[in-house]
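Hi everyone, thanks for coming. Let me walk you through a structure that may be new to you.

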Amino acid sequence: MKKLTLLISNKKVLTGFLILAGIFLVCFPMLDFPQKALWVRIIGYAGLYILLGMGLLIHVGLAGMLDLGFAAFYAIGAYTYTFLASTHFNLHVSFWLAMPFAGLVAALAGVLICFPVLRLRGDYLAIVTLGFGEIVRLLALNLTTVTNGSQGIIYIDKPVLFGIQFTEGYHFYYLIFILILLFVFLMNRLVKSHIGRAWMAMREDEDVAQMSGINTTSYKLLAFALGAFMGGLGGAIFASWQGSIFPDNFNLMVSINVLCLIILGGLGNIYGVIIGAIGLIALPDILRGLSDYRMIIFGILLIVMMIVRPQGFLPRRPPKLETQAVGLVKTPLQKKKKGDKK
Amino acid sequence: MNGNGQLVVFLEQLLNGITVGSFYALVALGYTMVYGVLSMINFAHGDIFMVGAYIGFFTINRLTDVGLTASNPTLAIILTFLTGSLGAAVVGVTVERIAYRPLRKATRLASLISAIGASIFLEELVRLIPTIATAIINIKIGGAAILAPQTRQAILKIVGDMGGAMVKTYPGILSNDGFVIGGLFVSYSRILIVLISAVIMVVLYTLVRITKLGKAMRAVAEDKDTASLMGINVNQVITRTFFIGSALAGLAGVMVGMFYLQIKPTMGFVPGIKAFTSAVLGGIGNIPGAMIGGYVLGLAEVISILFLPAVYKDVVAFVILILVLIFKPTGILGSATSQKKM
Amino acid sequence: MKKRLFAFIVVIAMLMVSAGCGAKTASWGNLVIPKGGEVKIGVSSALSAGYAVYGQDMLNGVNLAIEKFGGSLKGFKVVAVGGDDQCEGAPGVTVAEQFSADPAILGVVGPMCSGSIVPAEDIYGKNHILMITPSGTAVIVTAKGFENVFRTIPNDDKQAEVGVDYLSKSLNVKTLAVVHDSSIYGQGIAEAVQTKFTAAGGKVSSFQGVTRGDTDFSAVVSSVLAGKPDAVYWGGMDAEAALLVNQLQKGGFKGIFFGPDGIKSKPSYVDASGGSAEGSYMTFGAATGASGYDEFLAAFKAKYNGDPVAYGPGSYDDAMFMLKAADAVGKVDANGNLVVDRKALVDYLRANAWVGVTGRFVFDKVGDPTVVTLTVFKVVNGEIVPQKEYKFGA
């Protein structure tokens, strides 16, 4: 395991591997092979979950807030896009306007939900976000005049680019691929900027950061809004790809799936998210025979991971950083506190 | 509808609220006791409730097979309650040993995630029992099955009562009869449930107040390390706490099965959240608080029906949860443990 | 940074090229099974959770049909493949995508529920996959006019008509409370019943929706009883009906409980109601005593150790029609592959009359059967017994 981690940490090897993977992924839908449409769909969906995972990673890894209700932002993005671009209200705003708008609406929701819970303790916060996720789903289910309830909304518009309508799976595949590249690029830039430095300072020790003049509240809100934005984008893409949405598409399991993805991959790390997505989303579809057992394996994996390796499979060096911030692993400082009821 | 009719409807709803509140209270006790001694949200507690319902289902069907249900229904019901709660207790203690004890020294969030894993595991296990059993008994050695077809059929029939994805229905033991008071129809089964729950809760409260175990539980809840220094076997206390809490949840599970007839592997999630809400509402860690919280939530839900369409019942519970956690996390009776920031 | 930009441009260029190269097929294409391969019949139904009793029944019906057909189509082995659509829209879409992406699928029996059919139809339609449902009764199912969509059961407009007629004329019900499960199917037929019952001169005392999967209906029960109805009409499925009728009786209701085909199930409605289903009624779109039914029943009992629940016979017919049509229009080409023209398959189905164990079928332009029979059943001593038959289009 150590050798593998070391190997991957070697910059040249990593870059080489990424280029190869990149070329493969780009050419993949061009080739012709049996059940191509199905495979493009599987990898495409894994990609969508990578986008969601990156969003949740910002909440959990950067803002240090365990979010069990990420599906709420996914849902808000999806429904917003659908209201703007379907036969439901007979609005047909262009995808390229409606998608970012959906992201913004989700970001706004993120700020609104984050505000009152900023001071909450880790596990209470988690439950509140879970509650919020369920409230959004229940509202989608019961506000039938607006959302059509359990019957869902169908005939959602597809994106149109240069006159080409995105009717095939590979259209969305490439869209998601480009977005992932874009966000990886943006995130790298962001982390190196003063915003990123503030986030890292907050992660290390929030009290010290606050004393150095960092407005932790604003930075947390920003991180939360950004993560929610990505969730919203993902929702818009999902809505237009599937062509129909139902409240059940945004249930607790979706939130937990995305969470498992980033925990198993290692909270530090975009590459961890990718590994997590492949492992949790693509693999079960690939190993069709085992798909019935997917969830029970998740459950066992979560327990085992927490006991054995809470920092995930591919932690960024130094290994315990992000998990410390979120509170999955104790810092030396935490361990020493007296009268600690954990 | 005249005024008298509306009063009757209102009283009916009150009765509903108290019945449902009894279930919430029973399950909430488990949450609150565990939180008291471990400062941990046992996310899997709702699934213990579900396991109790299934074990009870299994029992009542076997008792029906041997004719006991017909000849002595009261005894059959008592036995079903016993096996349901004891079985759930055993499962609860096992989960504690495997998924929580190793994380005693880890952070709260790690335990929460492990608890999520345990919850998923239990739900999936119950769902998959018949599938797994079918796979096992159909094992062939050298092309021939080990067991004769009749044996396999018999095993399948019995195992079928232990789980499976399909909804299962309890036999209708509790009668639908009742008596009428001033236009209000009160069924005997409702009275039975409310009474049994109340009696058990009072007994529990007394036990915790009086017995050595109860005192030890309170000591551990106050300060685990000091309690251990005073000679209290902390592990034993925790195990017993889980035992009692899980037994109560299991009992509630059997009652729900008998009263509402239907059970399914996912039946624990929503009642679990509502029971947790009740515990928080009454003051987490506070035993009488959990009881009161349960009834308050049950009544709040039915009262909300007077103002909102009935389908928003669950939303009400989640909204109450969020509001309490944000504005008064110590709950109605005040929390037994102090609130600390992560 | 430069590398990434380059990758960007390459990708966009490839995207445009590939999009341009994507040829749009005007024809429906063929099912091609390579020599030695299997032909699959997809069965989209609820195989888990609440309504799995019906779903498994459908799978059983299809498997029996394959067996009776001989197990192979022109020498190619036929297999039934189950897709769990959970009687919901979202999984129905997922199953439709999976089946459509599978080149070996001849056609699909189902989806079981109208709520799954409505979104899934677009996917099956786009991919020209033959779809026959034995149970999707909502009127909207054939409203889009897809040529590849068929159903072997009457729609809910007729079912509501029969229900209202029996309630008002045969049962003399004057006041009716209507409850539905908020689904395309349940709410659809509930609304139709409400309209028709009022038009027939009756009074609808309340009209409410519940959520599927709920177990506690006490609020709805209280408000239904407040209106003192003679009868309650339930628009929805078996699982909730069993609980609702039980809770109605626990609340003191002594009137009539009436439902549509979704509750016609001995195991998951009658037996699951704690005895409360006794005396309730339901409508179901099938003829009783169709030719060949007795042999079918005997074969079903022998193979599955129990009676069909509701849609088993319908699924049997659907699979049988599908196989017979494929047999008529399919050919084995020079390389030994099985080739079935998907358009010819659909046209053949539409051009002929079909006799099955649930009746005789001729399909119209949008896939509805032109002649239908609906039967009113009653639960008597724990068994579902026919009471009256209604014929349309005879």
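Let's begin with L11(B), which sits in helix 1 of chain B (helices are DSSP runs of H or I, at least four residues, numbered from the N terminus). This is a predicted model, where local features need pLDDT of at least 70, side-chain atom pairs count only at pLDDT 80 or more, and totals for chains, interfaces and linings use all residues. Residues are numbered from 1 along each chain as its sequence is written, chains are lettered from A and ligands numbered from 1 in the order written, and side-chain values use heavy atoms, leaving out hydrogens and water.

Now, the contact between the chains (heavy atoms within 4.5 Å). Chain B brings 53 residues and chain A brings 45 residues. On the chain B side, helix 5 gives the most, with 17 residues. By type, that side has 36 nonpolar, seven polar and ten charged residues; here Ala, Val, Leu, Ile, Met, Phe, Trp, Tyr, Cys and Pro count as nonpolar, Asp, Glu, Lys and Arg as charged, and the others, Gly among them, as polar.

How much area is buried between chain B and chain A? About 4,700 Å², with carbon and sulfur atoms giving 71%; this is the accessible area (1.4 Å probe) that two parts lose on being put together, summed over both. In chain B, L109(B), I113(B) and I120(B) lose the most area to chain A, together 13% of what that side buries.

And salt bridges between the two chains? The count is zero, taking a side-chain nitrogen of Lys or Arg within 4 Å of a carboxyl oxygen of Asp or Glu.

Note on methods. Helices (H or I, at least four residues) and strands (E, at least two) are DSSP runs, numbered from the N terminus.
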